[in-house]
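Student: I am new to this structure. Could you take me through one chain closely, and then show me how it meets its partner?

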Amino acid sequence: MVTSATRGAGPFVAPAAILSLLVALVPIAFILYFSTMEGTSVEPFRTILKSSLFHRAMTTTVVVAFWASIISLVLGYIVALHLARQTARRRAALMVLVLLPFWTSILVKSYAFTIILGREGIINSFLSWLTGAQVALPLIFNRFGVMVGMTNYLTPLIVFPVLASLLAIDPALYRAAEVMGAKPIRIFLTITLPLSAPGVLAGVLSVAVMALGFFIVPALLGGRQDLMLANLVDFYTREVLDWNIASAVGVTLFALVGIFAIPATLIRRTKGRIAS
Amino acid sequence: MIRSRNRSVTDRRSFLKVTTGAAAALLAAPNINTSRAASSELVLVTWGGNYRQGIEDGLVKPFTKETGIRVTVLDTPDMAKVKAQITTNNVQWDVFDAPGSMGASGAFHGYWEELPSGLFDDNDLLLPKQKYLVPFYTFAGGIAYDPARYPEGKHPKTFANYFNVGAFPGRRTLRSRAMETLELALLGDGVAPADLYPLDVERAFRVLEKIRPSVAKWVEATPQTVTLLQTGETDFSYTYANRIQASNRDQSTNLGFSFDQTLNGVEYLAVLKNAPNRENALKFLSFAMKPEYQASCMEAKGGAPISRKAYPLLSKDSLKWLPNMESKNNAFINDEWWAGNLEPLERRFKEWLLS
């Protein structure tokens, strides 16, 4: 199945591939070059491995990216399920609603979340009005605020690949299952979930990769401990002007992305082979 | 079949010709640019928003009118871009609007042109011209509050008050960087402004350790020092007089700012090393320090002039937002001290924040 789809694709893929090679690989090569002190030493890597600042930022990055991906998956899957059941016209309209926050600048949204989640923000004022007591839940400048800001951005990226997988499922399968007397939960677990797995995988992969590189959301909505690797790269690039260290952190971040991306690609490939 | 393949080959050839030509043109473009720009142009890098508007109205327009030099104004001074331009020997910026830390770091790394003598009226300047930098204006950091919620007597007015959580309970902000924050901690602990430098770093961190639970947000982006106060997210905020002035004027807020004690930072002008329009850049620096344009520029964007003769030219309303430069309570950030200490202290500060 996979091979027949790939055969003869070369000429069509080539221009895009060459472009990405030029605009992505060349800078990455430079970053590698810088991170090794122009190819002479691994001192920058030794320095960051000894730095507790780096260790903490690394842990935060992995933990935050993991949870942001899981939460976005759950939220995005529910939305995609709902969209899959609509008529084509309604679906198109609802898809615009999904995309609307995606088109808004992340900087603007981060400031807007201060107004919604703040100590005297919409949620806390509503709860205060409801209970008649002063409610000031700490929803912002902590890990929770970071999660809200990130999942708001990432959820649409789950919705679209999952929706594509869901729409590709042959409706006859559902009818057959119903005729055989399967309950909705069983239909979901034995048909919908496994057949939407490629979309889930593609979505989670891209979301996890993006989540690893978040920068402005932790800076604006996070607490003092929510420093991620991208913030650390910025710190070394612009404030300290130590580009060897900045590159070493960047290479590590890139390797981290690889750790997520490579197994997912392998799984997909074996899956494709089984299916064919 | 064969014919079509042939055609595709010639197509590819002509395509290659066109694209290599275009690529060559693109590669050559920066050089064409600089040689043309040498005549009557200037590139100024400054901050965005209202600030940029003030610079354009108060300084750039009169400069172009008098000299005929066309000024391209770009947003956001960024030291990483300065380093990139200078290390790749492809300098495109001329004048750089540098806050103290950037100015000192650029001088430390040798990114600025040396400023010849005779550009400025040295007796008129409140702060002396340095080898690579000329002080452009000063900005006052201090305590802001909402007088509707915290009337007179209920809000901190000095840094000692700000660090006294017992007497003035409430949520506060501090910046997420060592520079300024270490100074504030020492001033808050009772160090006299005259005895501030060299900073007693250990003492500063001990003071910060104590205030930490009351700091709601260690602010990274400067506008947030004001928005957090506007939305009631914090009770008091460490911010800048010109930011509060702009907020009250443009967003019709009614926030207060205490001038009882301020920590003043210096903003500098610098010329990039090997700037393509060096002569025009020096002309611009000289122009920017003249009393009348110091006044018109600060009137438009806020900030305290360095030119003594500019003060009588300012409106009453602008003077209200300037600190008293002679007051013993007010401290000045020592950028030269920071130049050698910035990196290790910023790193230590970030580590401390995470712990």
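Tutor: From the N terminus on, the elements of chain A run α-α-α-α-α-α-α-α-α-α-α-α-α-α. That comes to 14 helices and zero strands. Helices here are DSSP runs of H or I with at least four residues, strands are runs of E with at least two, and both are numbered from the N terminus.

A word on the source. This is a predicted model, in which local features need pLDDT of at least 70, side-chain atom pairs count only at pLDDT 80 or more, and totals for chains, interfaces and linings use all residues. Residues are numbered from 1 along each chain as its sequence is written, chains are lettered from A and ligands numbered from 1 in the order in which they are written, and side-chain values use heavy atoms, with hydrogens and water left out.

Confidence comes next. pLDDT is the predictor's confidence in each residue, from 0 to 100. Chain A has a mean pLDDT of 89, and 94% of its residues reach 70 or more. Within chain A, helix α1 (residues 2–6) is lowest, at a mean of 54. Helix α4 of chain A is highest, at 95. Where pLDDT is low, the predicted coordinates should not be read in detail.

The C-alpha trace of chain A spans about 65 × 65 × 30 Å along its principal axes. Chain A has 276 residues, and 38% of them are buried. Buried means under 20% relative accessible area, exposed means over 50%, and partly exposed lies in between (1.4 Å probe, protein chains only).

Go back to helix α4, residues 52–84 of chain A. A:I70 is found there. A:I70 is partly exposed, because its relative accessible area is 34%.

Last, the partner. The contact (heavy atoms within 4.5 Å) takes 28 residues from chain A and 35 residues from chain B. The two chains bury about 2,900 Å² between them, 58% of it on carbon and sulfur atoms. Buried area is the accessible area (1.4 Å probe) that two parts lose on being put together, summed over both. Two salt bridges are counted between the chains. In a salt bridge, a side-chain nitrogen of Lys or Arg is within 4 Å of a carboxyl oxygen of Asp or Glu. A:E120 and B:R149 meet in a salt bridge, at 3.1 Å from N to O.
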